[in-house]
Amino acid sequence: MSEEYVQGNFLGLPEKGGEVDVAILQLPYELTTSYGQGTAGGPAACITASAQVELFDASLGEDLPAGAALFTAPEWDAEGNSLAEQLDNMSGYLRPWYAGDCFPLILGGEHGILPPLVYAAQHHPMVGGDIERLTVVQIDAHADLREQLDGEPYSHACAASRSLDLGIGKLVQIGIRAYSKQEAEFIEKDQRVTTFFARDTQSPSHGEAAWTSCLETLRSLSGPVHLTIDIDGLDGSIVPATGTPVPGGLSFWRAAETIEAVFSAPNATVISADVNEIVAQEDSPLTQFTAAMLATKVIATQLKARKDGRWKAAAAQAGKQRVAEPCDYFRKQIKTDIPKETA
Ligand SMILES: [Mn+2]
């Protein structure tokens, strides 16, 4: 815990002037979770739990923030009276954080945050408006490759499909173990998708070989990468409160190795990351603490990439005050819109 603990800041770390090296953005978004509720409270619970995370990271060899300026932005206001408006507002909110001067780490919220995030990421200087340059690395129990769920094409169960529709060039999935026959066929035939199934990487008999091949694939990536971590990709025993916990998932250390492998890829640059589907567990802080540990690992690994000369700002510091950009992409896509449920 930080010596001068600041309530509401990730890891309780005090802020440094007007600078931002890593921006922690909170998207308390929940609209389509199939069962299990509470992802809207996930980001705040994760920040509260981060108070108990050790600041020392052995790979970085230093205490966080290791000289960097971390900024925990106020929560996204969740404005929008319909699904399409919420997706547009979320994308517009994220866009100024993709200026290329800092590293955005997004806390969700359900996995439906991914398409608006990918739409915003096209404005990163390394993507330069060409979404095909972007690779998404996805840790998840679910393939999220459905065309729709309960008639909703922007459901969290379709997050990867909609990101492919937006035009991402490559999708690498890790930890996948809950998917439909149609999703299995899609993975088989779509050249953009590489999936490392949990039944292989977690297999007691041949798991090590499958895991080595997964890490090699991550280290061979090139270009800009977004890392999306659905916490249900980890074994259900360490994230029991997430919307849909599933047994047979990644251990914490496999998730940590995934983060380290993708950040160490010599020809790739991780431009942003998110940790999503966080739900506050009532009887124990385990779920939100696991999420906070993963988010901390992302920050430490990003700072290590800077230290090793593998990350440079592509733009001058824009500071903490950023104005959301208007976005109407999702309103144009979504013909029959569902009004936001009032809890
Ligand atoms: Mn997911």
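**First stop: the loop between E3 and E4**

Begin by selecting Ala66, which lies in the loop between strands E3 and E4. Helices (H or I, at least four residues) and strands (E, at least two) are DSSP runs, numbered from the N terminus. The structure is a predicted model, in which local features need pLDDT of at least 70 and side-chain atom pairs count only at pLDDT 80 or more, while totals for chains, interfaces and linings use all residues. Residue numbers start from 1 along each chain as its sequence is written.

Phi of Ala66 is near 50°, a positive value in a residue other than glycine. Ala66 is partly exposed, because 19 other C-beta atoms lie within 10 Å. The terms are set as follows: a residue is buried if 20 or more other C-beta atoms lie within 10 Å of its own, exposed if 12 or fewer, and partly exposed in between, with C-beta atoms placed from the backbone.

Next, select Pro65, which is found in the loop between strand E3 (62–63) and E4. The peptide bond that leads from Leu64 to Pro65 is cis, with omega near 10°.

**Second stop: the sheet**

Strands of a sheet pair through backbone hydrogen bonds, either parallel or antiparallel. Select the strands of the open sheet, which has 8 strands in the order E4-E1-E5-E10-E9-E6-E7-E8, with parallel pairing. Strand E4 (70–72) and strand E8 (193–197) stand at the edges with a single partner strand each, so one side of each has no neighbour in the sheet. From one strand to the next, the twist averages 20°. Two strands count as paired if DSSP finds at least two bridges between them.

Start with strand E1 (residues 22–27), which is joined to E4 by 3 bridges and runs parallel to it. Here Ala23 stands opposite Phe71 in E4, and Ile24 has Thr72 of E4 as its bridge partner. E1 also pairs with strand E5 (residues 103–108) in the parallel sense, over 6 bridges; Leu27 stands opposite Gly108 in E5. Is E1 mostly covered or uncovered? It is mostly covered, with 6 of its 6 residues buried. Val22, Ile24 and Gln26 are buried on one side, and Ala23, Leu25 and Leu27 on the other.

Move on to strand E9 (residues 222–230), where 7 of the 9 residues are buried. Strand E6 (residues 135–139) runs parallel to E9 and is joined to it by 5 bridges; Gln138 has Thr228 in E9 as its bridge partner. E9 is also joined to strand E10 (residues 267–276) by 9 bridges, again in parallel, and Val225 is paired with Val270 in E10. To pass from E9 to E10 the chain goes through helix H8 (residues 252–264), and this β-α-β crossover is right-handed. The term means that, with the strands pointing away from the viewer, the path from the first strand over the helix to the second runs clockwise.

Two packed helices are described by the angle between their axes and the distance between the axes. Select helix H3 (residues 114–121) and helix H4 (residues 159–166), which pack at an angle of about 25° with their axes 8 Å apart. Axes are lines fitted to C-alpha atoms, for helices over the stretch in contact, and angles run from 0 to 180 degrees between N-to-C directions. H3 and H4 are therefore roughly parallel to each other. Angles under 35 degrees count as roughly parallel, over 145 as roughly antiparallel, 65 to 115 as roughly perpendicular and the rest as oblique.

Which residues make the contact? They are Leu114, Pro115, Val118 and Tyr119 of H3, with Ala159, Arg162, Ser163 and Leu166 of H4. Contact requires C-beta atoms, placed from the backbone, to lie within 7 Å.

H3 is largely enclosed by the rest of the structure, because 8 of its 8 residues are buried. In H4, 7 of the 8 residues are buried, so this helix too is largely enclosed by the rest of the structure. The buried residues of H4 pack against H3, E6 and strand E7 (170–176). Just after H4, select Gly167, which takes a positive phi of about 110°.

Select Asp150, in the loop between E6 and H4. Asp150 has a positive phi of about 50° although it is not a glycine. With 8 other C-beta atoms within 10 Å, Asp150 is exposed.

Finally, select helix H1 (residues 42–49) and helix H9 (residues 286–307), which pack at an angle of about 75° with their axes 8 Å apart. H1 is thus roughly perpendicular to H9. Ala45, Cys46 and Ala49 of H1 meet Gln288, Phe289, Ala291, Ala292 and Ala295 of H9 in the contact.

Note on methods:
Two residues are in contact if their C-beta atoms, placed from the backbone, lie within 7 Å.
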